[in-house]
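Subject: Structure for you to look through

Hello,

Here is the structure I said I would pass on. Please open it beside this message and follow the residue numbers as you read.

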Amino acid sequence: MPCPPRVLLVEDDPPMLARLSDVLATADITADQLQHAGSLAECRNLATAPDGTLHPRAMALVDLGLPDGSGIDLISWLRERGAAWPILVISAWSTEEMILGALRAGANGYVLKERDDLEIAFSIRNVLQGGAPIDPFIARRILDLANPLANPQANPPAPAEPTAPALREALSERERQILHHVATGMSNREIADSLHLSRWTIDTHIRHIYDKLAVNSRTQAVHRARARGLLR
(Lines give C-alpha, C1' and ligand atoms only; values in the text may rest on other atoms or scores of the structure.)
Protein backbone atom coordinates (compact mmCIF):
# COMPACT_ATOMS: atom_id res chain seq x y z
CA MET A 1 0.00 0.00 0.00
CA PRO A 2 1.50 3.42 -0.96
CA CYS A 3 2.40 5.74 1.86
CA PRO A 4 0.09 8.77 2.35
CA PRO A 5 1.48 12.14 1.23
CA ARG A 6 3.74 13.64 3.85
CA VAL A 7 3.37 16.98 5.58
CA LEU A 8 6.30 19.29 4.90
CA LEU A 9 7.34 21.37 7.92
CA VAL A 10 9.71 24.23 7.13
CA GLU A 11 11.07 25.59 10.42
CA ASP A 12 14.66 26.15 11.61
CA ASP A 13 14.08 26.79 15.33
CA PRO A 14 14.43 23.50 17.29
CA PRO A 15 12.03 24.39 20.15
CA MET A 16 9.39 25.57 17.69
CA LEU A 17 9.96 22.49 15.55
CA ALA A 18 9.35 20.26 18.56
CA ARG A 19 6.26 22.23 19.48
CA LEU A 20 4.77 22.00 15.99
CA SER A 21 5.54 18.27 15.81
CA ASP A 22 3.51 17.79 18.98
CA VAL A 23 0.69 19.96 17.61
CA LEU A 24 0.63 17.96 14.37
CA ALA A 25 0.37 14.76 16.39
CA THR A 26 -2.89 16.07 17.90
CA ALA A 27 -4.13 16.51 14.31
CA ASP A 28 -3.44 12.79 13.68
CA ILE A 29 -0.24 13.43 11.71
CA THR A 30 2.34 10.92 12.90
CA ALA A 31 6.11 11.32 12.91
CA ASP A 32 6.53 9.08 9.85
CA GLN A 33 4.17 11.35 7.90
CA LEU A 34 6.22 14.43 8.75
CA GLN A 35 9.20 15.71 6.78
CA HIS A 36 11.26 18.59 8.11
CA ALA A 37 13.36 21.21 6.34
CA GLY A 38 15.32 23.96 8.10
CA SER A 39 16.06 26.18 5.11
CA LEU A 40 14.90 27.10 1.61
CA ALA A 41 17.62 24.98 0.03
CA GLU A 42 16.79 21.93 2.12
CA CYS A 43 13.09 22.28 1.40
CA ARG A 44 13.69 22.52 -2.34
CA ASN A 45 15.79 19.37 -2.26
CA LEU A 46 13.19 17.46 -0.24
CA ALA A 47 10.29 18.68 -2.34
CA THR A 48 11.78 17.86 -5.74
CA ALA A 49 11.48 14.39 -7.26
CA PRO A 50 14.26 12.93 -9.47
CA ASP A 51 12.31 13.87 -12.61
CA GLY A 52 12.16 17.51 -11.50
CA THR A 53 8.51 17.49 -10.44
CA LEU A 54 7.34 18.00 -6.89
CA HIS A 55 6.67 15.10 -4.54
CA PRO A 56 2.99 14.96 -3.52
CA ARG A 57 2.30 16.47 -0.11
CA ALA A 58 -0.70 16.61 2.19
CA MET A 59 0.23 20.19 3.11
CA ALA A 60 3.16 22.44 4.01
CA LEU A 61 3.70 24.52 7.15
CA VAL A 62 6.11 27.36 6.40
CA ASP A 63 7.94 29.83 8.61
CA LEU A 64 8.85 33.12 6.92
CA GLY A 65 12.20 33.87 8.58
CA LEU A 66 14.62 31.22 7.32
CA PRO A 67 18.44 31.30 7.46
CA ASP A 68 18.89 31.48 3.69
CA GLY A 69 15.95 33.64 2.67
CA SER A 70 12.27 34.34 3.04
CA GLY A 71 9.52 31.76 3.29
CA ILE A 72 7.56 33.98 0.90
CA ASP A 73 10.07 33.14 -1.83
CA LEU A 74 9.67 29.47 -1.00
CA ILE A 75 5.87 29.65 -1.29
CA SER A 76 6.23 31.33 -4.70
CA TRP A 77 8.71 28.67 -5.79
CA LEU A 78 6.35 25.86 -4.79
CA ARG A 79 3.35 27.43 -6.52
CA GLU A 80 5.31 28.15 -9.70
CA ARG A 81 6.15 24.44 -9.88
CA GLY A 82 2.55 23.36 -9.61
CA ALA A 83 2.15 22.68 -5.88
CA ALA A 84 -1.62 22.37 -5.45
CA TRP A 85 -1.52 21.28 -1.80
CA PRO A 86 -2.37 23.75 0.97
CA ILE A 87 0.33 25.93 2.50
CA LEU A 88 -0.12 27.38 5.99
CA VAL A 89 2.23 30.10 7.24
CA ILE A 90 3.08 29.86 10.93
CA SER A 91 5.17 32.91 11.75
CA ALA A 92 5.96 35.50 14.39
CA TRP A 93 5.82 38.27 11.78
CA SER A 94 2.66 40.36 11.53
CA THR A 95 3.74 43.32 9.39
CA GLU A 96 1.68 44.31 6.36
CA GLU A 97 4.59 43.49 4.06
CA MET A 98 4.91 39.92 5.32
CA ILE A 99 1.18 39.19 5.57
CA LEU A 100 0.24 40.37 2.09
CA GLY A 101 3.45 39.01 0.59
CA ALA A 102 2.73 35.49 1.86
CA LEU A 103 -0.92 35.54 0.79
CA ARG A 104 -0.09 36.91 -2.66
CA ALA A 105 2.59 34.26 -3.08
CA GLY A 106 -0.04 31.56 -2.58
CA ALA A 107 -0.39 30.79 1.13
CA ASN A 108 -3.79 29.39 2.09
CA GLY A 109 -3.66 30.65 5.65
CA TYR A 110 -1.59 32.61 8.16
CA VAL A 111 -1.39 32.07 11.92
CA LEU A 112 0.92 33.68 14.47
CA LYS A 113 3.31 31.57 16.54
CA GLU A 114 2.14 33.29 19.70
CA ARG A 115 -1.23 31.51 19.47
CA ASP A 116 -1.71 28.53 21.76
CA ASP A 117 -1.39 24.95 20.56
CA LEU A 118 -5.15 24.42 20.27
CA GLU A 119 -5.53 27.41 17.94
CA ILE A 120 -2.64 26.28 15.75
CA ALA A 121 -4.02 22.72 15.66
CA PHE A 122 -7.42 24.10 14.62
CA SER A 123 -5.80 26.06 11.78
CA ILE A 124 -3.95 22.95 10.58
CA ARG A 125 -7.15 20.90 10.54
CA ASN A 126 -8.94 23.75 8.79
CA VAL A 127 -6.35 23.85 6.02
CA LEU A 128 -6.46 20.07 5.55
CA GLN A 129 -10.23 20.32 5.13
CA GLY A 130 -9.92 22.96 2.42
CA GLY A 131 -10.27 26.03 4.60
CA ALA A 132 -8.24 29.23 4.67
CA PRO A 133 -7.58 30.09 8.34
CA ILE A 134 -6.38 33.60 9.09
CA ASP A 135 -5.20 34.69 12.52
CA PRO A 136 -7.80 37.07 14.03
CA PHE A 137 -5.22 39.82 14.46
CA ILE A 138 -4.17 39.48 10.83
CA ALA A 139 -7.78 39.31 9.61
CA ARG A 140 -8.39 42.65 11.31
CA ARG A 141 -5.34 44.12 9.60
CA ILE A 142 -6.48 42.84 6.20
CA LEU A 143 -9.97 44.29 6.68
CA ASP A 144 -8.48 47.63 7.65
CA LEU A 145 -6.26 47.63 4.57
CA ALA A 146 -9.12 46.61 2.27
CA ASN A 147 -11.63 49.11 3.63
CA PRO A 148 -10.15 51.73 5.97
CA LEU A 149 -13.50 53.57 6.07
CA ALA A 150 -15.10 50.56 7.79
CA ASN A 151 -12.95 51.17 10.84
CA PRO A 152 -11.93 54.83 11.19
CA GLN A 153 -10.17 54.03 14.45
CA ALA A 154 -7.72 51.82 12.54
CA ASN A 155 -6.25 54.87 10.81
CA PRO A 156 -6.33 57.72 13.35
CA PRO A 157 -4.40 60.91 12.72
CA ALA A 158 -0.72 60.27 13.10
CA PRO A 159 0.38 61.26 16.62
CA ALA A 160 3.46 63.28 17.23
CA GLU A 161 6.54 61.10 17.24
CA PRO A 162 7.46 60.05 20.78
CA THR A 163 10.46 61.67 22.34
CA ALA A 164 13.63 59.70 22.84
CA PRO A 165 12.98 59.14 26.59
CA ALA A 166 9.46 57.83 25.80
CA LEU A 167 10.78 55.40 23.21
CA ARG A 168 13.59 54.35 25.51
CA GLU A 169 11.04 53.57 28.20
CA ALA A 170 8.76 51.74 25.74
CA LEU A 171 11.53 49.38 24.65
CA SER A 172 12.49 46.81 27.25
CA GLU A 173 16.13 46.19 28.11
CA ARG A 174 15.99 42.90 26.15
CA GLU A 175 14.45 44.65 23.13
CA ARG A 176 17.18 47.30 23.15
CA GLN A 177 19.78 44.54 23.37
CA ILE A 178 18.26 42.72 20.39
CA LEU A 179 17.94 45.96 18.44
CA HIS A 180 21.66 46.56 18.93
CA HIS A 181 22.39 43.15 17.42
CA VAL A 182 20.03 43.89 14.52
CA ALA A 183 21.98 47.09 13.86
CA THR A 184 25.22 45.10 13.53
CA GLY A 185 23.66 43.04 10.74
CA MET A 186 23.12 39.81 12.68
CA SER A 187 20.33 37.46 11.52
CA ASN A 188 17.61 36.31 13.91
CA ARG A 189 19.31 32.92 14.17
CA GLU A 190 22.65 34.55 15.02
CA ILE A 191 21.00 36.77 17.64
CA ALA A 192 19.26 33.74 19.17
CA ASP A 193 22.54 31.82 19.38
CA SER A 194 24.36 34.83 20.85
CA LEU A 195 21.74 35.39 23.58
CA HIS A 196 21.01 31.69 24.14
CA LEU A 197 17.35 32.18 23.26
CA SER A 198 15.08 30.43 20.76
CA ARG A 199 14.54 31.81 17.25
CA TRP A 200 10.84 32.07 18.04
CA THR A 201 11.60 34.28 21.06
CA ILE A 202 13.80 36.57 18.94
CA ASP A 203 11.16 36.75 16.20
CA THR A 204 8.56 37.77 18.79
CA HIS A 205 10.80 40.43 20.34
CA ILE A 206 11.58 41.93 16.95
CA ARG A 207 7.90 42.04 16.04
CA HIS A 208 7.25 43.94 19.28
CA ILE A 209 10.11 46.33 18.44
CA TYR A 210 8.51 46.99 15.04
CA ASP A 211 5.16 47.72 16.69
CA LYS A 212 6.66 50.07 19.28
CA LEU A 213 8.76 51.96 16.75
CA ALA A 214 5.94 51.97 14.14
CA VAL A 215 8.15 50.47 11.43
CA ASN A 216 7.93 47.51 9.04
CA SER A 217 11.52 46.46 8.43
CA ARG A 218 14.88 45.99 10.12
CA THR A 219 16.35 48.95 8.23
CA GLN A 220 13.54 51.24 9.34
CA ALA A 221 13.85 50.03 12.93
CA VAL A 222 17.58 50.80 13.04
CA HIS A 223 17.10 54.17 11.34
CA ARG A 224 14.29 55.18 13.72
CA ALA A 225 16.22 54.02 16.77
CA ARG A 226 19.35 55.94 15.75
CA ALA A 227 17.34 59.06 14.97
CA ARG A 228 15.86 58.92 18.48
CA GLY A 229 19.13 58.23 20.25
CA LEU A 230 18.42 54.58 21.06
CA LEU A 231 21.45 53.40 19.09
CA ARG A 232 24.84 54.90 18.53
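Please keep in mind that the model is predicted.

The sheet

Five strands form an open sheet in the order β2-β1-β3-β6-β7, and their pairing is parallel. At the edges are β2 (34-37) and β7 (109-112), each of which pairs on one side only. On average, neighbouring strands in this sheet are turned by 20 degrees against each other, direction ignored.

One pair can be followed by eye. Strand β6, residues 87-91, is joined to β7 by four bridges in the parallel sense. Look for Val89, which stands opposite Tyr110 in β7.

Helices across the sheet

Helix α2 (residues 40-47) lies across β1 (6-10), β2 and β3 (57-62), and runs at about 140 degrees to β2. Helix α5 (residues 117-128) lies across β3, β6 and β7; its angle to β3 is about 140 degrees.

Gly106

This residue sits in the loop between α4 and β7. Which residues does Gly106 contact, leaving aside its neighbours within four places in sequence? They are Ile75 and Arg79. Glu80 is 26 residues away from Gly106 in sequence, and the two are 9.5 Å apart in space, C-alpha to C-alpha.

The second largest pocket

The volume of the second largest pocket is about 310 Å³. Its lining consists of 17 residues, and those nearest the centre are Leu64, Gly65, Trp93, Asn188 and Arg218. Sorted by class, the lining has six nonpolar, seven polar and four charged residues.

Where do the lining residues come from? At least two each are supplied by β4 (65-66), β5 (69-70), α4 (96-105), α9 (188-195) and α10 (199-213). In terms of domains, at least three residues of the lining come from domain 1 (6-145), and at least three from domain 2 (173-228). To see this in the viewer, colour the two domains separately and then show the 17 lining residues.

Regards

Definitions and conventions:
Residues are numbered from 1 along each chain as its sequence is written. This is a predicted model: local features need pLDDT of at least 70, side-chain atom pairs count only at pLDDT 80 or more; totals for chains, interfaces and linings use all residues. Side-chain values use heavy atoms; hydrogens and water are left out. On a 1 Å grid over the protein atoms alone, a cavity is a set of points where a 1.4 Å probe fits but cannot get out, and a pocket is an open set with protein on both sides within 12 Å along at least five of seven lines; lining residues have an atom within 4 Å of a point. Grid points are joined across faces, edges and corners, and a volume is the space filled by probe spheres set on the points. Ala, Val, Leu, Ile, Met, Phe, Trp, Tyr, Cys and Pro count as nonpolar, Asp, Glu, Lys and Arg as charged, and the others, Gly among them, as polar. Domain bounds come from an automatic or database domain assignment. Two strands pair if DSSP finds at least two bridges between them. Axes are lines fitted to C-alpha atoms, for helices over the stretch in contact, and angles run from 0 to 180 degrees between N-to-C directions. Contact means heavy atoms within 4.5 Å.
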